[in-house]
Amino acid sequence: MGDTVTPPVDGSGRTLPTRRDLLGAAGALAAGGGIAGAMWHWSRHEHGQRAAVFIGRAQWYDADLPALIKEGLNEIGITRRQVRGKRIVLKPNLVETASGEPHINTNPAVVVAAAEVFRRLDAEEVIVAEGQGHRRDSRLVLEESGMGRALEESGLPFVDLNHDEVTTVPNRGHWTKLGALQLPNTILRADWLVSMPKLKTHHWTGVTCSMKNLFGVMPGVVYGWPKNVLHYQGISESILDINATVAPTLSIVDGIVGMEGDGPIMGTPKPAGCLLMGRNFPAVDATATRVMGLNPYGVTYLTQASGQLGPVHERNVHQRGEAIASVTTRFDILDVPHLQQVAAR
Amino acid sequence: MLARIQEKSGGVPSTPSADSPYWPTGLAIAAWNAHDADSGHDYEHPIDRAVQWLVNTRGCAIPNRPDIYGHNSQLQGWSWVEGTHSWLEPTAYGVLGLRAVGQDHHPRTREAVVLLRDRMFPSGGWNYGNTRTFGRTLRPFPGTTGIVLTALAGARDIASIKPSIHYLNGELQHVRSPMSLAWGVIGLTECGVRPREADTWLSESALRALGRDASPLEDALLLLADPKSPPFGCDAAQPRESQVNG
């Protein structure tokens, strides 16, 4: 499925990896440096990028999640002044539903808690929006996941991004060959886009978290169910283009109960007992990968994001709250050749 | 509206914007055909162009990989976006469009019907179009099951889709979201097995919808599921020679 390394062409003035950079990384591996060598290389080329990521403990969904999220916002430097008057879109990960398998989707308690915090911080508007990749009937997913009732009780409106009005915007990433992306107007009008993924393994990309969750902003009426045009363009490359173009603001990861094995749908529940938060998505997702006991340098879109969209190397991520090691729990991953590097310790 | 936004190629876009894909083309044919019969309006040319688009457009075949996915990926129906693989809904809409104008035996219709049957779960029902990934059987959805049953209604070998009818009857006992319920009822109705409780379910669904923001798509589907307006009625259609070129 096209997870090849394609050097980006960037019109925004960012420093890009040269052919020599990429060959240097490959050379580090070939010269026997292995993963450690590649990590050194990517660390060196993160161009001074630094980002803060917060990890907070929550053993179950009845914990005081608003307090934990507020603490996380404080730790990563988000103030009331920054939130006041903003139109905030919360984008959970709703995929599909199955009886007795709530670990497929972001838990409604986390979404409601985030909304409560943003409202207390004087956000002008908080809405929840999603565009599932497989199931076209959003209302059924809302009803069966319990998200619909939770949103209704909290007075939170929901927008089905799959059927939203769309606007064509230039692709600011250029990792794929797509010259433009068609995005929902709800996303384009938002001041803040908050990705709220579930901490899960993924049978194609290894890990799905803040960055992959943004596949769900791509409208199904344009990209289909599944959003197969993005698969043809390369899943990793599409993830990077979407992230570069929509410029998300914040990630709040539901890692209280995640999914291991054959994610993102058919895997088994994996309690990790934590929330992760951060403004830089590669940094958050690299940390999430470490919490899962997996190798971020085996996740193609993270290696490509390193130094472009944000830092991946642990040295460049400022850890807030709990230490990674205190919450790390090894997630099983499918035993298939294309995920061997993700599973490598 | 549909005729106005139809492209020269015959494709009908999913939104009025120029960059949209053309997966609704089969549905547009069914709509024009039904309107034609009711009102005397002549949509012959838009229908002809749309049929030509369907006949000349196909989803991409990819190598079979039974270790990765469960369907025969060499079969070609229609894709959501040109240049990509064939998936369930656009293929079902293509079949509906061609059957609406009597093209049940066109080679494209026949291959698409084989594709739809190939992607049915052994225990009944369909999802978005893949029964298995990495050795694990996936889950069927009521909405797409209703759509595919609508496309396959009237086809021979109805016995092979009985597990799907059984699955859908079970699901609709508790599904009240308009999209899935309406397509489910339409599919069962087209197969001649409309549940006795269907009208009650539809009323419950419509009443729930009253408290929400209006959704033209959901409202339209609930109306199509009304017993007084059989939506597709493909069986009576006769082929027109002008539509079979290509």
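Reply: Strand E2 of chain A pairs with strand E7 (residues 192–196) of chain A in the parallel sense, over five bridges. Within this pairing, Lys91(A) stands opposite Ser195(A) of E7(A). This is a predicted model, and the values below are computed from it.

E2(A) covers residues 87–92, and five of its six residues are buried, so the strand is largely enclosed by the rest of the structure.

Now the chain around the strand. Chain A has 14 helices and twelve strands. Of its 345 residues, 58% are buried. Among contacts in chain A with a separation of 6 or more, 76% are between residues 24 or more positions apart.

Several loop residues of chain A deserve a look as well. Glu46(A) sits in the loop between helix H1 (19–44) and strand E1 (51–57). Glu46(A) counts as buried because 22 other C-beta atoms lie within 10 Å. Leaving aside residues up to four places away in sequence, Glu46(A) touches Ser306(A), Gly307(A), Pro311(A), His313(A) and Asn316(A). Its C-alpha atom is separated by 28 Å from that of His203(A), which is 157 residues away along the chain.

Two residues other than glycine have a positive phi. For His174(A), phi is near 65°; this residue is in the loop between strand E5 (166–170) and strand E6 (180–184) of chain A. His174(A) is buried, with 22 other C-beta atoms within 10 Å. For Ala247(A), phi is near 50°, and its place is the loop between helix H10 (235–246) and E10 of chain A. Ala247(A) is exposed, since 9 other C-beta atoms lie within 10 Å.

Cis peptide bonds are another backbone feature to check. The bond from Trp225(A) to Pro226(A) is cis, with omega near 5°, and Pro226(A) is in the loop between helix H8 (220–223) and helix H9 (228–232) of chain A. Gly263(A) and Pro264(A) are also joined by a cis peptide bond, with omega about 15°. Pro264(A) lies in the loop between strand E10 (250–260) and strand E11 (268–278) of chain A.

Finally, the partner chain. Chain B has ten helices and two strands, and 48% of its 246 residues count as buried. The contact between the chains takes 27 residues from chain B and 27 residues from chain A. On the chain B side, the residues touching chain A are ten nonpolar, 13 polar and four charged.

Key. Residues numbered from 1 in each chain as written. Chains lettered and ligands numbered in written order. Predicted model: local features only at pLDDT ≥ 70, side-chain atom pairs only at ≥ 80, totals over all residues. Contact = placed C-beta atoms within 7 Å. Nonpolar A, V, L, I, M, F, W, Y, C, P; charged D, E, K, R; others polar. Buried ≥ 20, exposed ≤ 12 C-beta atoms within 10 Å, placed from the backbone. Helix = DSSP H or I, 4+ residues; strand = E, 2+ residues; numbered from the N terminus. Pairing = 2+ DSSP bridges.
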